[in-house]
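Subject: Structure handover

Hello,

The structure we talked about is below, with its sequence. My notes on what turned up follow it.

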Amino acid sequence: QVQLLESGGGLVQPGGSLRLSCAASGPVARIINMNWYRQPPGKQRELVATVTNTANTDYSDSVKGRFTISLDDAQKMTYLQMNSLTPDDTAVYYCNARIQWSPLRNPSDYWGQGTQVTVSS
């Protein structure tokens with residue numbers, strides 16, 4: 001069973017930085033892409049950043065220029081470097097990945113349990 005485990009959340013002051021990590025464990029034959037979503041209090045979950053196994057990246061307009069996503073395919077990990085944080089970035093951040101756990105199977109989507117990021121003075 002593939003599992004995703006996030007870490008790195010916490011409380012940070014406005015203008016500060018945090019780095020989130022997400023590790024995939026279990027039978028991972030191939031990572032197609034890894035993504036970060038977030039869900040602010042009382043709002044819907046939204047896609048923040050995505051990285052493919054060819055290192056293509058994409059970002060939501062709200063984080064472009066401040067957040068950087070990366071993929072370590074060998075370690076089966078993704079990172080989200082978040083700079084210049086504002087209170088609007090406060091949310092539960094979720095790791096999502098499209099992974100092929102067997103060469104004989106179609107890829108499936110997996111989710112982590114989330115990590116809280118709070119930006120407040």
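**The aromatic pair**

The structure, which is a predicted model, holds one aromatic pair. It is made by Tyr-37 and Trp-111, whose ring centres are 4.8 Å apart. Their planes stand at 55°, so the pair is tilted; a pair counts as stacked under 30 degrees and as edge-to-face over 60, and the rest are tilted.

Buried or partly exposed: which applies to Tyr-37? Its relative accessibility is 21%, so Tyr-37 counts as partly exposed, given that buried means under 20%. Trp-111 is partly exposed as well, with a relative accessible area of 39%.

**Arg-45 and two rings**

Trp-111 also has a charge over its ring: the charged end of Arg-45 sits there, 4.8 Å from the ring centre. Arg-45 lies over the face of Tyr-94 too, at 3.7 Å from the centre of that ring.

**Leu-47**

With neighbours within four places in sequence left aside, Leu-47 is in contact with Asn-35, Trp-36, Tyr-37 and Ser-60. Leu-47 has a relative accessibility of 39% and therefore counts as partly exposed. Its C-alpha atom is separated by 18 Å from that of Ser-7, which is 40 residues away along the chain.

As a reminder, strands of a sheet pair through backbone hydrogen bonds, either parallel or antiparallel.

Two of the pairings in more detail:

- β1 and β3 are antiparallel and pair over five bridges.
- β3 (residues 18-25) and β8 (residues 77-82) run antiparallel and are joined by six bridges. Cys-22 stands opposite Thr-78 in β8, and the bridge partner of Ala-23 in that strand is Met-77.

**The nonpolar core**

Which residues have the most contacts inside the largest nonpolar core? They are Leu-4, Leu-80, Met-82, Tyr-93 and Ile-99, in a core of 29 residues. At least two residues of this core come from each of β3, β4, β5, β7, β8, β9 (91-100) and β11 (115-119). The largest share is that of β9, with five residues.

For Leu-80, the contacts beyond four places in sequence are Leu-18, Arg-19, Leu-20, Trp-36, Ala-49, Phe-67, Thr-68, Ile-69 and Tyr-93. One of these, Trp-36, also touches Leu-47.

Regards

Definitions and conventions: Residues numbered from 1 in each chain as written. Predicted model: local features only at pLDDT ≥ 70, side-chain atom pairs only at ≥ 80, totals over all residues. Heavy atoms only, no water. Pairing = 2+ DSSP bridges. Helix = DSSP H or I, 4+ residues; strand = E, 2+ residues; numbered from the N terminus. Phe/Tyr/Trp six-rings, centres within 6.5 Å; stacked < 30°, edge-to-face > 60°. Buried < 20%, exposed > 50% of the residue type's maximum accessible area, 1.4 Å probe, protein only. Lys NZ or Arg CZ within 6 Å of the ring centre and 35° of its normal. Contact = heavy atoms within 4.5 Å. Core = buried A, V, L, I, M, F, W, Y, C linked by side-chain atoms within 4.5 Å.
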